[in-house]
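Hello,

Here is the structure I promised to pass on. Have a look at it first, and then read my notes below.

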Amino acid sequence: MNAHMKLEGAAEAPFYLPQGDECDVFATAAQADFPVLLKGPTGCGKTRFVAHMAAKLGRPLYTVACHDDLSAADLIGRYLLKGGETVWVDGPLTRAVREGAICYLDEVVEARKDVTVVLHPLTDDRRILPIDRTGEELEAAPGFMLVASYNPGYQNILKTLKPSTRQRFVAMEFDFPAPQRECEVVARESGLAEDRVKPLVRLAGKLRSLKGQDLEEGVSTRLVVYAASLIALGMSVERAIDTAMIEPLSDDEDVKRGLRDLVTAVF
Ligand code: ADP
């Protein structure tokens, strides 16, 4: 039965090309009921990985894109007025806790501080979610798993996780796929032939090496997929690169000129 369920999940799982043993590590952490922190640059495959693993493990997934206005109430729930009546509406975290689902907090450091307070009792062995407003204290259903991601690349002292929070998670480091794998991913995602994807991936590598000098962040795998998809749809290579791999990286004309020189060197 279990094996059958797993197979079913695997058939539906969104495509994810592993970089190493991350699928096994995640599955074991899930089995142990451990919360997991995914560290890595934006657009390198973390969200896809979680969607893939949730499907493989046969667990529902609630994804929350955190932002600086996201509060604990957004995750837990709130009373809302419905037809003259006040009703309690569960937030995504509460739903995941009740259903034994995976709750994925993308870019968790962006969220307001009260969010981390909520995570603490959920990430130790009590696995409980106190809901102050209703007086409930929910015990997480079997299968509930907390997954959070953050990007250590943004050098902002105000936006790092406190040790008291991060040491409640097992952590996995992600990075852009190695060139051969990135070619495979981009070809598969865009439908562009691998030999046409190769120079785009080579260019991405060069652009990434500029991180920290002219660029805050290197080009993501997501942007390489965009460029390849535009080319597959008939856009010229030059225009697609400019639209998907240069303009999104910088607003500074000098920097962009420098990046375009790199393009000429690669193509
Ligand atoms: P992140 O969550 O790290 O910001 P995403 O998971 O949204 O990034 O990845 C961006 C895109 O890159 C995905 O939509 C997918 O097309 C592609 N991608 C990156 N790495 C992989 C991978 N290993 N397997 C499949 N697709 C990948």
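**What I found**

Leaving aside residues up to four places away in sequence, A148 touches L37, L105, V108 and F169; two residues touch, or are in contact, when their C-beta atoms, placed from the backbone, lie within 7 Å. A second, separate core of 26 residues includes V201, L223, A244 and L259. By nonpolar core I mean a set of buried Ala, Val, Leu, Ile, Met, Phe, Trp, Tyr and Cys residues joined through C-beta atoms within 7 Å. Buried means that 20 or more other C-beta atoms lie within 10 Å of the residue's own, with C-beta atoms placed from the backbone.

This is a predicted model: local features need pLDDT of at least 70, side-chain atom pairs count only at pLDDT 80 or more, and totals for chains, interfaces and linings use all residues. Residues are numbered from 1 along each chain as its sequence is written.

The largest nonpolar core has 39 residues, among which I102, C103, V147 and A148 touch the most other members. At least two residues of this core come from each of β1 (36–39), α3 (46–57), α4 (72–76), α5 (92–99), β5 (102–106), α6 (113–122) and β8 (145–150). Helices (H or I, at least four residues) and strands (E, at least two) are DSSP runs, numbered from the N terminus. The protein chain has 12 helices and 9 strands, and 33% of its 267 residues count as buried.

Best wishes

Conventions: Buried ≥ 20, exposed ≤ 12 C-beta atoms within 10 Å, placed from the backbone.
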